[in-house]
Amino acid sequence: MGIRQCVLGLLVLVAFDHVYGARPKARVFQPRVLTQKPQSVDSQLGEQWKPIQAPYGVQSQRPQLAPLTPNVAPSSIQSKQEFQAPVSELTWKFPVAPEEPAQPDFNFELQQPKPANSIAVQCWEDAVHVEVKQDFFGTGQLLEPSLLSLGGCGVVDIDAAARVLVFHSPLQECGGELVATEDELVYIFTLDYKPAALQSTPIVRSSGVTVSVDCHYPRRQNVSSSDLQPSWIPYASTKVAEDILVFSLKLMTDDWMFERPLNVFFLGDILHIQASLKQYNHVPLRIFVDHCVATAGPDVNSAPKYSFIENHGCLTDAKYTGSSSNFLPRVQDDKLQFQLEAFRFQQEGSGAIDEDHKACSFGTNGWVSSDGSDQVCGCCDASCGLRTDGVCSEVLGFQWEGKAQVGPLQMMVQTLESLSGCVRHVSSFEESVSFDTIRSLPSCILRVLKDTFQHCKDSEVMYSGRLSLVGDLLQGLFKEAYSLQKGLMELLDKINLEDTASEEEVSDIVTVIHSLLDICSIISRLDIALHANTWKFIIKQSVKYQSLVEDRLHHTDIAFSLCEDLCTSVQNCLELAQQIQQAGLQEVIHSPEYKLFQKATKMCRFFANTLVHYTKEFKTFLAKSCCRFHQLYLQIHSKFPPSVCALSVPPALSEELRVAVLVPMDVMLTQLMSFQPFAESVLDPDHKSSTELCLPQCLLLVNVLGKLSSQPEEALRLWSDGSQFSEETPRWSVFEAVLQSFRQCMLERAVPVWLPGIMLRGQAQGTVSLHQHVCVHMCACVAVLPAQHFPPLERSLLAAVLQAETQMAVLATDVWCFLARYGSAELCFHHVLLIAHLIRSCPGEGYQLFHLALLLRRLLFLMTPKHQVEFVERFPPSQEENLCVWRHTLLRCLCEEARMQVEEEVLARASVVLQEWQNSGHRLGDIPRLNRILGCVLLVIGGSSLQAECVLSSVKIISQLWSRMSSNQVQVHPPLQCTVKLLLSISAVLIKNVEPHVIVQAVSCLSGLTIQKCSDDLLLAALEFLASMGKIFFPPNIQCQVLPRISALFNGLLTHTSWLILHHVLEAFGLFAEITNHEEVISQTLTSEEVKNKVLNFLSKTVSHQESGEVRLERLKEWRSIIEKHHEQMERENSSPVHTPLTEEPCPKKARQETKAEEEYERYLQTAESALKALQAIEEPGHSPSPPEWVRVRLQALQTLITQINTTTEEQP
C-alpha cells in the first residue's frame, strides 16, 4: 500500500512553454568581512522574462494592450456645414510635401542589459544574511530601501558609506521555505523589489524584480533539538538512502538517450516523455503513470486543464483527439516511456499491473498494455477505480473531503497527548502539589515513555524497508514523548519532600530516578539535549533527597551508565576530529564540522563534571564502582597522546577535548585518593592491563605520586605501605606499582613516546622520555616523603633491581641514587654495605648480579672518602670471598687512598693465585678461581691513571696465561672461554705494552676458534682486542703471522648472522681502519662486494631499509611479547646453570693446529674412557649383585679389539 500511495501521489504537469522552465540567475559580488563566516552561499539574480513563443498554441503571458482610441468627448465633434456657391474659382493649392528618402537596411541587435553583481548571501547556522547594493541594476540609480523586502521583512541595517542594504533573518522566519532533497536541506527566501512611481509622476525608472535566495545545508550530520522544540530524525546516516524512492518525469531526446535541454516544441512535434524511479537499496519496483493532467500553470486545479492519462494508466489522448500518442513497450521495470503530440503540458505519475496500475494505449486494436497484459485495459472505457482527486470528483460527482489514518502510532501519539494534558493540568495549580496526590502519575508516564523511546530506537529494525512511510509519525511521536518527559520533570522539580516523608513516597522517588536511568540508556543515541537534561534531573533529584534515598539508589548502575556515556561521547568527539583532519579543512574553526565537534565536546565536559559531582556526593556508596572508575581513567587517557593507540587528530582539537575531559578526571582522582577500595583497585597485584592501557596505568600512578604530599597521613599510609596483613586485600606499595607499570610499558619505551617536561606558565618547555618522566616524579615524591615510609620504598627499589627487566632496574637505580644523595651519608653507606653483602651471596653470574653491581658502582660515587676507606677495610680484596664484589666496581670512583689500597691488594692476590695455579699443575678445576682474580685485574687496569708497577705486573700475568691457552680446549670448555674473554679485554687495554710474541699467541688462539660457536660476550671482547691492534705497528718478523689472521677474523665476523654482533663488528673494523698503519689488512678484509657494501653503508650511515611507523609499531608489539616471555623464563630459573667441574689439565700451547682426524680420535677416546670408568664403578667390591658371566666375555672381546687397534697404529709410518 505504501508504494501504491506514493504512485497515487505523483502528479504530472506538462507545459510546452519556457515561462516556468527558466530560473532566475544572477552574479554575486563578494561580501564584506563579517564577524561570522558563512556555511554556504547560493544567490541568484533573475534574468528578464523572455518573449513567449506563440507559434505553439500557447497564449501569451504578457498583459494584452487595449487598442488606442481618441480621448475626445462627443460634443466636440464638428458638425456638417452648408456652403454657399463660391464667388470665384479657387486657384491656390496646398504645396506638395517632399518625399523622404528610403531608409537603408541595416543590422539591428537589441542590446540586452547585463546583470549587475548586486547581491551577496551568507548562510549561517541558524540564519541567513543578505547584503544588497543600492545601485541594484548597475545604472547609478539608487533604490529606495523601503521598496525592497526579504520575504516580507524589511532592511535591518544600512551601510551608508558602502551604499549597501543589509537583511538578516532566522531560517524559519521571513517567509523561509524548507525543501528537503536527497543530500541537503534547502531554505528558500524571496528578495522582492516593487518599484513605485517617482514622486508625483506616473513613471518609474526600474522594473520589479524577484530574486530567489537559497541556503543549502548537508543532511549527513545529527542535529540535536533544542530544549523547547525537539526535532528527532531517525538515524541520520548514510543508510537513509535505503528507503528513498526518487521519481522523475523528463522530456527526452528523440533517441531516448538524454534529457532534452529545451522545452520548446512546434505543433505536430512528438514529445518523448520518460517516467523513471531510482530505487537505491529498495527491492525492485515497477513504475506506472497513474494519472496525468495538463494545465496552463503549475496549479493542478487551475483552468483550463486536460487529463490525457486517466483510470490508473489509460492514455486517452489518442482516443479523444485521434493523435498518435501512446506508451512504448517497457524495456526496464523502473522506466516507462510514452509519446505525446505537442501540446503545452508538464507531467508526473506513479503504480502494479492490474486494473489500478497499468499503462494502456488506444489503437486500431483497441486498448493495448505496454506490459503485454492487455486484459487489464478492459476498464479504460468505464471506470477503473474510485479516485481521490479533483478529476475523479468532477467525473463521478464525488466530493473528496480529506484523508484520515488510524493506527498504533496515532493511538500512541494520542495517549501521549492525553498524559501531557494531565501534567499541564497539575502544573497549572498555583498552590504546591503534594507528591502523595500524584503518586500513580509519574510511574505510569515513565512506563509509557520508556516503551515509546524504545519503539523509536528500534524503528529501523522494526519497520525495515518501510521506515520512510512512517517517518513523520515517528517524528511526531518522539516530539510528544519529549514534551511529556520535560513537563513531568518540571512538575516533579516543583515538589518537595520533607525528611518525614512516608516510606511509600521515598520508594516512589527512587522508582522515578531508576526509571529515568533506564530511559537514559535508551535515548543516549536519539537526542543529545534530552539525554543531558535527563541526567541533570537524575543527579539533581538524587542530591536533593540524598538523606532519604542514598541507601536505596542503584549507585553502581548510575556510575556505570555515566562512565559508558562519557566514553561514548569522547569517542564520538575523536571521530569527528579525525574526519575534520581527513577532510583537510583550511579554516577549521569556521567549518560546520567544528561546530558539531564543539557540541560533542560540551557533552563530554557535561558527563565528566556530572561524574565528578556524583562521586563527591555518594563516594561512600561507590565501593563496587571503583574498578569501573579505574578502568574509565585508563580508557580515557588511552585515547590521547602520548598513547600509541590514540587517533591522529589535529593538535588544537585534541587539546580542546583534553581540557574538557582530563581536568575533571584529575579532580575525580583527587576525590578518590583517600578511598580505600579505589586504592586497592589501582594497586591490585593481579591487575593485568591490555597493551593500550599500560601507559595510562603508569601515568595514573605517577599522578598519584604527585598528590601524596597533599594527602592526610591515613591516605599516605594507604598508598605507600601496601597491604600489611594476610587478611587484607592484597595491594602493592605505590612505589612498587609504579615500577611494575613502567616495566609493562615496553612498547612505549621502544617507540619511544614523549611527555611534557618542565612546565612554565602552563606550557611545557620541552619533552622528556617516559623514563625521565617517571624518574623525576618518583624523586620528587622521595624528597617530601616522611622518613617512616622509607622502608616500603627501599623494599620496592630492591625488588625492582633484582628483576630481569634491565630498564626497570636502571630506573630503580636512578631513584635509589637520589635517595642516597638526598639522605644522610650514613644512609648511603648503609645501602652500599647491604648491596655488597647481596653481591657476595649471589650464587653465580646472572642478571641479578649484573643489576646489583650496576647499583654498587653508582653508589660508590656518592660515598664520602671516609666511608670509602672503611668499605675497603670491611671488604678487603685480599680475601677471596670479596673478589666478586670488587670485580664489578670502578676504581676511579674511589678516593686516592682507597684506590691505592685496592690496586696493591688485587695485584698481589693475582700473583698468588697464578702461582698457586701453576704449582698445582694448571688444573682446569682452578680456572673459575683464576677468572675471579682476572676480573679484578681488569678492574685495576681500567683506572684513569696506572702506575708502572701495575702495568708490568698485569702484562706479566697475561703473558703467562696466553702461553697456556689452546683453542681446542677453549672451544670445548666454557670456563676457559671466560678466561680468554678476560685476557682479550686486558690485552686490549695494555696492547702497547704487550710483547709481540704474546700478541701472536693471542691472535693464534683467537683464529683457532669457531666464531659461530662462541658466546656473544667472547666475541665482543675479541672485537675490542682487534680494534685496539690498530694502535700498534707490528714488527716485520711477525706481520706474516698476525696480519692475515686479523683479516680473516674481520672477514668472518662481518658475515655473522646476528645483527647486533654485526653492528659491533662494523664499529670495531671502522675504528681499526681509521688508526692502523697496516692498510693491507683493510683490502684483504673487503674481498667481496657484499662485505664491502656493508662497511661502506655503515661508514656513510646509509639506511638500507626504511620502515613505516605502522610497520615498526607492529614489529615492536611482536618483540614485546617475545621479550616478556624471555624475562619470565629467566625469573623462573633460581640460579644460573652450574657447569661440571673440570679435572683435565690444559695441554701446553702448540704452534700447529690439530686436524679434523685428530679431533675425532680425541672425541671417541673420551667417550670410551668415560664408559669404561662408569663400568668400573659398577664392578667395585661390595656392589651387589655380582656381574653376570657374559659381562666378562664382552670385556675380553673389548680387550682384543683394543690390542688390534694399538697394533694397527704402531704399524703405520
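User: Lys-540 is partly exposed, at a relative accessible area of 45%. What do buried, exposed and partly exposed mean?

Analyst: Buried is under 20% relative accessible area, exposed is over 50%, and partly exposed lies in between (1.4 Å probe, protein chains only). This is a predicted model, in which local features need pLDDT of at least 70 and side-chain atom pairs count only at pLDDT 80 or more, while totals for chains, interfaces and linings use all residues. Residues are numbered from 1 along each chain as its sequence is written, and side-chain values use heavy atoms, leaving out hydrogens and water.

User: Which residue forms a salt bridge with Lys-540?

Analyst: Side chains of opposite charge can pair when their charged atoms come close. The rule asks for a side-chain nitrogen of Lys or Arg within 4 Å of a carboxyl oxygen of Asp or Glu. For Lys-540 the partner is Asp-493, with the closest N and O atoms 3.1 Å apart. Lys-540 sits in helix H9 (residues 528–544) and Asp-493 in helix H7 (residues 471–494), 47 residues apart; helices here are DSSP runs (H or I, at least four residues), numbered from the N terminus. Asp-493 is partly exposed too, at 28%.

User: How many salt bridges does the rule give?

Analyst: The count is 23. Among them, Glu-125 pairs with Lys-599 at 3.2 Å between the closest N and O atoms. Glu-125 has 37% relative accessible area and Lys-599 has 44%.

User: Which residues are linked in a network of salt bridges?

Analyst: Glu-880, Arg-909, Glu-916, Arg-929 and Arg-932. Within it, Arg-932 and Glu-880 have their closest N and O atoms 3.4 Å apart.

Key: Helix = DSSP H or I, 4+ residues; strand = E, 2+ residues; numbered from the N terminus.
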